Amino acid sequence: VQLQAYGGGLVQPGGSLRLSCAASGASVSSSMMGWFRQAPGKEREFVAAMAWSGTTYYEDSVKGRFTISRDNAKNTVYLQMNSLTPEDTAVYFCAAGQKKYYYRRSYYDYWGQGTLVTVSS
């Protein structure tokens, strides 16, 4: 299984970005797909997840600003990020797993390489 995350970049506060995670070797529609992020000097933390049922989960600080979605035909998961703040600056990772739980890194079996999001004026 390979996951390739891309779409990061530099954006001003209040701006938007859409991250993509292209999967091969596993189906995003039959996996728990998650997004995590790691800011400099901090632990990797949960951001959002989508279960095979389509149920979505979000970390409190991104609720109402971030949206996780998937395109089964493209076998790709997205993270639409709006109203970005400097606190959202981090390397964002996508992950795939087969457990019904989503919050912990240990629940995921496969990880992408990460894409850097920098929110700065």
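Predicted model: local features only at pLDDT ≥ 70, side-chain atom pairs only at ≥ 80, totals over all residues.

Visitor: What is the handedness of the disulfide between Cys21 and Cys94?

Guide: Handedness is read from the torsion about the S-S bond, and for Cys21 and Cys94 that torsion is about 65 degrees, so the disulfide is right-handed.

Visitor: Is Cys21 buried or exposed, and what of Cys94?

Guide: A residue is called buried when its relative accessible area is under 20%. Cys21 has a relative accessibility of 0% and therefore counts as buried, and Cys94, at 1%, counts as buried because of that value.

Visitor: How many helices and strands does the chain have?

Guide: The chain has 0 helices and 11 strands, so a reading of this fold is a reading of strands and of how they pair.

Visitor: Which faces does strand β11 have, and which residues lie on each?

Guide: In a regular strand the side chains alternate between the two faces of the sheet. In strand β11 (residues 115-119), Thr115, Val117 and Val119 form the covered face, whereas Leu116 and Thr118 form the uncovered one.

Visitor: Which strands pair with β11, and in what sense?

Guide: Strand β2 (residues 9-11) runs parallel to β11 and is joined to it by 3 bridges, with Leu10 standing opposite Thr118 of β11. Strand β9 (residues 90-97) also pairs with β11 over 3 bridges, but in the antiparallel sense, and here Tyr92 stands opposite Thr115.

Visitor: Which residues touch the most other members of the largest nonpolar core?

Guide: That core has 28 residues, and those touching the most other members are Trp35, Val47, Phe66, Ile68, Leu79, Met81 and Tyr92. At least two of its residues come from each of β1 (2-6), β3, β4 (32-38), β5 (45-50), β7, β8, β9 and β11. Apart from it lies another core of 7 residues, including Met32, Phe36, Phe46 and Ala51.

Visitor: What is Met81 in contact with, once its neighbours within four places in sequence are left aside?

Guide: Met81 is then in contact with Gly15, Ser16, Leu17, Leu19, Arg65, Phe66, Tyr92 and Val117.

Visitor: Where do Asn75 and Ser83 lie, and what is the phi of each?

Guide: Asn75, in the loop between β7 (66-71) and β8 (76-81), has a phi near 50 degrees, a positive value in a residue other than glycine. Ser83, in the loop between β8 and β9, likewise is not a glycine and has a positive phi of about 50 degrees. Their accessibilities place them in separate classes: Asn75 counts as buried because its relative accessibility is 16%, while Ser83, at 41%, counts as partly exposed.

Visitor: What does the radius of gyration say about the chain as a whole?

Guide: The idea is to compare it with the value for a compact globule, which with 121 residues would be near 14 Å; the chain has 13 Å, which agrees. Its C-alpha atoms fill a box of roughly 40 × 30 × 25 Å along the principal axes, and buried residues make up 42% of the 121 residues. Among contacts with a separation of 6 or more, 55% are between residues 24 or more positions apart.

Note on methods: Residues numbered from 1 in each chain as written. Heavy atoms only, no water. Buried < 20%, exposed > 50% of the residue type's maximum accessible area, 1.4 Å probe, protein only. Helix = DSSP H or I, 4+ residues; strand = E, 2+ residues; numbered from the N terminus. Pairing = 2+ DSSP bridges. Disulfide = S-S within 2.5 Å. Core = buried A, V, L, I, M, F, W, Y, C linked by side-chain atoms within 4.5 Å. Contact = heavy atoms within 4.5 Å. Rg over C-alpha atoms; globule rule 2.2 N^0.38 Å.
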